[in-house]
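Subject: Structure handover

Hello,

Here is the structure I promised to pass on. My notes on the ligand site and on one helix residue follow below.

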Amino acid sequence: MLFDAPDFDAHEAVHFATDPRAGLKAIIALHSTHRGPAAGGCRYWTYADDAAALTDALRLSRGMSYKNAMANLPMGGGKAVVFKDGAKTDALLEAFGRAIEGLGGRYVTAEDVGMSDADMTVIARATKHVSGLPVAGGAAGGNPGPSTAEGVFVGMRAAVRHKLGRDDFAGVHVAIQGLGSVGGGVAERLAAAGARLTVADVDEARAGALAARLGAKRVPVAEIMTVAADVFSPNALGAVLTQDSIAALDVAIVAGAANNQLATPADGARIHGRGILYAPDYVINAGGIINVVAEYLGRGDAASVAADIAAIEPRLAAIFAEADASGQPTDAMADAQARRLIGR
Ligand code: NAI
């Protein structure tokens with residue numbers, strides 16, 4: 001069931017952790033520790049079945065290996081999923097912390113979907129291998145959302161320069177899907193830079209408030225992926241780029257933070273075939289992990305973290321140029337580079 005699972009990619013280890021009294025059921029997948037301890041957040045989620053949870057852990061941990069390597073961090077890749085079966089109690093979070101501590105520093109956690117910086121504080125009662133804790137202003141660390149948003153903004157600028165030949169966002173039309181911690185920050189930055197925004201979020205109140213504040217146009221969530229615009233920016237769910245949705249896109253660029261945007265590897269070739277420039281998700285959305293790792297390693301003032309996030313722009317520019325030169329899809333170029341960096 002495990003070694004022949006479709007998403008098993010010679011993961012170094014997959015740990016199943018339980019603590020019935022605390023209500024804990026978790027999977028901690030270590031894809032690679034080639035570059036350092038496996039770093040990647042923990043997702044708190046309700047899964048249809050155990051196989052779906054395992055698939056998520058396997059895919060997300062491999063993605064973290066790629067992301068951390070491409071961001072030039074001295075970390076490997078891992079990810080944890082914690083089953084959302086009952087209440088998220090302190091006892092459950094502490095039990096999860098003990099499971100991490102038992103791995104002796106080979107896995108370092110942080111927040112992901114369903115986990116907050118406050119939750120990290122509870123996990124930290126049981127392990128020191130946790131990051132993304134709330135911090136005072138100025139220091140590296142804390143909620144990674146704003147850092148991720150900054151990385152997406154500069155990465156999108158590289159895409160706009162490459163594809164549209166423009167150095168700024170004045171009048172560039174961006175359709176944004178999801179206006180949460182990351183998407184909201186991307187929208188703010190783009191509006192300040194003079195972009196024209198069309199936005200959608202399942203949270204109607206959130207979309208309404210943001211649209212009013214930034215002068216953005218709102219559309220129903222079912223329409224955001226077919227808006228005629230320069231850029232589509234996915235900042236909500238993964239797997240939104242499918243055969244059907246790619247065929248319906250009416251943009252020159254896809255650049256956003258959502259993890260695992262391509263539903264299947266074939267979709268990278270499809271988007272390339274349509275002449276749409278795709279910014280590989282794990283390259284453009286690395287701002288948060290850059291911030292979180294600086295906090296964990298205890299090295300990195302806000303200025304050096306900002307410089308590392310700014311480096312996402314030239315890194316993507318290089319991938320776009322190499323993809324053009326080789327005729328390869330951008331995601332394939334990035335995957336090949338990442339695999340070299342993790343010794344695969
Ligand atoms: P969030 O939970 O703060 O925001 C997500 C937003 O998307 C919410 O406002 C939600 O209402 C909305 N949404 C959900 N389904 C939608 C749909 N079908 N259509 C339109 N809107 C929808 O999450 P966050 O932190 O902003 O993350 C967004 C994406 O970026 C996720 O895929 C996450 O995995 C990824 N990501 C986040 C990082 C971070 O630092 N927070 C780092 C790297 C990736």
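A polar contact here is a pair of N or O atoms within 3.5 Å; within protein, one must be able to donate a hydrogen and the other to accept it, and residues adjacent in sequence count only if both atoms are side-chain atoms. The T148 side chain has an N or O atom 2.6 Å from a ligand oxygen. A ligand nitrogen is 3.5 Å from a polar backbone atom of V202. The protein covers 77% of the 830 Å² of accessible area that the ligand has on its own (Shrake-Rupley method, 1.4 Å probe).

Note that this is a predicted model: local features need pLDDT of at least 70, side-chain atom pairs count only at pLDDT 80 or more, and totals for chains, interfaces and linings use all residues. Numbering runs from 1 along each chain as its sequence is written, and side-chain values use heavy atoms, without hydrogens or water.

Now the shell. There are 24 residues around the ligand (a heavy atom within 4 Å). T148, V182, D201, R206 and A236 come nearest. The shell divides into 10 nonpolar, 9 polar and 5 charged residues; Gly counts as polar, and Tyr, Cys and Pro are among the nonpolar ones.

D56 sits in helix 1 (residues 50–70; a DSSP run of H or I, at least four residues). Is D56 buried or exposed? Buried (under 20% relative accessible area), at 17%. D56 touches R43, Y47 and V81 (heavy atoms within 4.5 Å), leaving aside residues up to four places away in sequence.

Best wishes

Notes: Helices (H or I, at least four residues) and strands (E, at least two) are DSSP runs, numbered from the N terminus. Buried means under 20% relative accessible area, exposed over 50%, partly exposed in between (1.4 Å probe, protein chains only).
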